[in-house]
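Reader: I have the sequence and the model open side by side, and I'd like to go through a few local features. Could you walk me through them?

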Amino acid sequence: MSDQDPIDKIMAGLDGPALDDLAELYRDLHRHPELSFKEERTAGIAAERLRAAGFEVSTGIGGTGVAGVLRNGDGPTVALRADMDALPVLEATGLPYASTATSPDGVPLMHACGHDMHVTCLSGAAQLLAAGREQWRGTLVALFQPAEEIAAGAQAMVDDGLFERTGTPDVVLGQHVFPSPAGTVLVSPGEVMAAADSIEIRLYGRGGHGSQPERTVDPVVLAASTVMRLQTVVSREVSPFEQAVLTVAQIHAGHKENIIPDEASITINLRSFDPEVRRSLLAAVERVVNAEAAASGAPRPPGFRTLNAFPLTVNDDGATAKVREAFAGRFGSERVPDLAPLMGSEDFGLFGAAAGAPSVFWGLGSADPDLYARAEREGRLREDVPGNHSPFFAPQLFPTLPMGVEALTAAALAWLPAR
């Protein structure tokens, strides 16, 4: 590309000192993970950096959300989004900057999904685009979102008047680190991440002494039979040409070995790509659970509580083509592979839906390329390359960090015209 290309001039700002600063920011954020809607320290750092770069900043949106707006003449409004929350995971990476943080009730915390990298990359891109504002025109919006892990933060920001504060974007762009080789960005049109529903189910029995089961309705046995029956929903009720997952993730019952408890609870997670499959899964779960309770002689019907519901993440065809072209121009098409649909879930798409604007969500490779290549050759990707939410997951800092900053910058400039 020509030395006069706007992005070349802007990316020249990611020099040694700037990259060192971002690397230290990443390490700091990694050391200090915060749970959903508790991201006060992280939000404060993001807001401070946006103000220093010249953005108009709003804080406390939907709880701990932050939005920065940089108005730079006539042109489209482009929103870039990063999520901030961490997970209740005990870190096992052995990194010198590994988290030792715990929640107030003593639960270990870790950035096991890479949101610290997302915050760092968006901070870097916002700073570069602000410093290079003579190269483009339009409005840039930087969104730092809370509570992605519980599918609540995006909607909370929208409901709290996000777009009244920032203006309505013409496009919403976001990225997520994945265990693909660092130095790649993965993007495809259409459905890229599944819809997900998490439900807590309470099963009611009649408790009693462990020596007299005939006087009880045992909710532990009811829970066990329900779990086994639920395993047939996908295998026997969903077409093999469709994709779906049903996972029973938690079972809780009782407090003592010689007491049959009054109730038990199970938590399930459903994932799907087709709205009709999603409806069928939800209906099947309710039918199976109620039937098993009736078969056990439960004294009252089960209770159902939705814990979270992630929408389907769908990349707009035209906007995705524009992003892919920008990435191919910067990195070469060989470093921009397709993003295969993932059963993981995101609430990112809610921003575009609420704005009535196209959105594009891409993957940022973060695994050691040599380790990945060796594991792929040996058929050991699952064993040797930790995935998101693993206690061993940590992006390779370089080249993931500069690649993520440049990807966000290039994607934004695909919409923000040159001056």
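Reader: How many of the residues of α4 are buried?
Author: This is a predicted model, and in it α4 is mostly covered, with 15 of its 17 residues buried. The helix covers residues 115–131 and reaches 24 Å from its first C-alpha to its last, close to the 24 Å expected at 1.5 Å a residue.

Reader: OK, changing topic: in which sense do β1 and β2 pair?
Author: Strand β1 (residues 56–61) and strand β2 (residues 65–72) pair in the antiparallel sense, over four bridges. Val57 stands opposite Gly68 of β2.

Reader: And which residue in that hairpin takes a positive phi?
Author: That is Gly62, with a phi near 65°, in the hairpin of β1 and β2, which has three residues between the strands.

Reader: Now the aromatics, how many pairs are there?
Author: The count comes to four aromatic pairs. One of them joins Tyr26 and Tyr97, whose ring centres are 5.9 Å apart with the planes at 80°; because planes over 60 degrees apart count as edge-to-face, this pair is edge-to-face.

Reader: Where do Tyr26 and Tyr97 lie?
Author: Tyr26 lies in helix α2 (residues 16–31), whereas Tyr97 lies in the loop between β3 (77–83) and α4, so the pair ties together parts that are 71 residues apart in sequence. Both Tyr26 and Tyr97 are buried.

Reader: What about Phe327 and Trp362?
Author: Phe327 and Trp362 form an edge-to-face pair, with 5.1 Å from centre to centre and 75° between the planes. The pair links distant parts of the chain, 35 residues apart, with Phe327 in helix α9 (residues 317–331) and Trp362 in strand β15 (residues 359–367). Both Phe327 and Trp362 are buried, and together with Phe331 they form one aromatic cluster.

Reader: Which residue lies over the face of Tyr204?
Author: Arg300 does, at 3.9 Å from the ring centre.

Reader: Back to the backbone: which peptide bond is cis, with omega near 10°?
Author: The bond from Phe398 to Pro399 is cis, with omega near 10°, and Pro399 lies in helix α13 (residues 397–413).

Reader: Last one, what is phi for Ala147, and is that residue buried or exposed?
Author: Phi of Ala147 is near 55°, a positive value in a residue other than glycine. Ala147 is found in the loop between β4 (138–145) and α5 (153–159), and its relative accessibility is 0%, so Ala147 counts as buried. Ala151 is also found in the loop between β4 and α5, and has a positive phi of about 55° although it is not a glycine. At 14% relative accessibility, Ala151 counts as buried because the cut-off is under 20%.

Conventions. Residues numbered from 1 in each chain as written. Predicted model: local features only at pLDDT ≥ 70, side-chain atom pairs only at ≥ 80, totals over all residues. Heavy atoms only, no water. Helix = DSSP H or I, 4+ residues; strand = E, 2+ residues; numbered from the N terminus. Expected span 1.5 Å × (residues − 1). Buried < 20%, exposed > 50% of the residue type's maximum accessible area, 1.4 Å probe, protein only. Pairing = 2+ DSSP bridges. Phe/Tyr/Trp six-rings, centres within 6.5 Å; stacked < 30°, edge-to-face > 60°. Lys NZ or Arg CZ within 6 Å of the ring centre and 35° of its normal.
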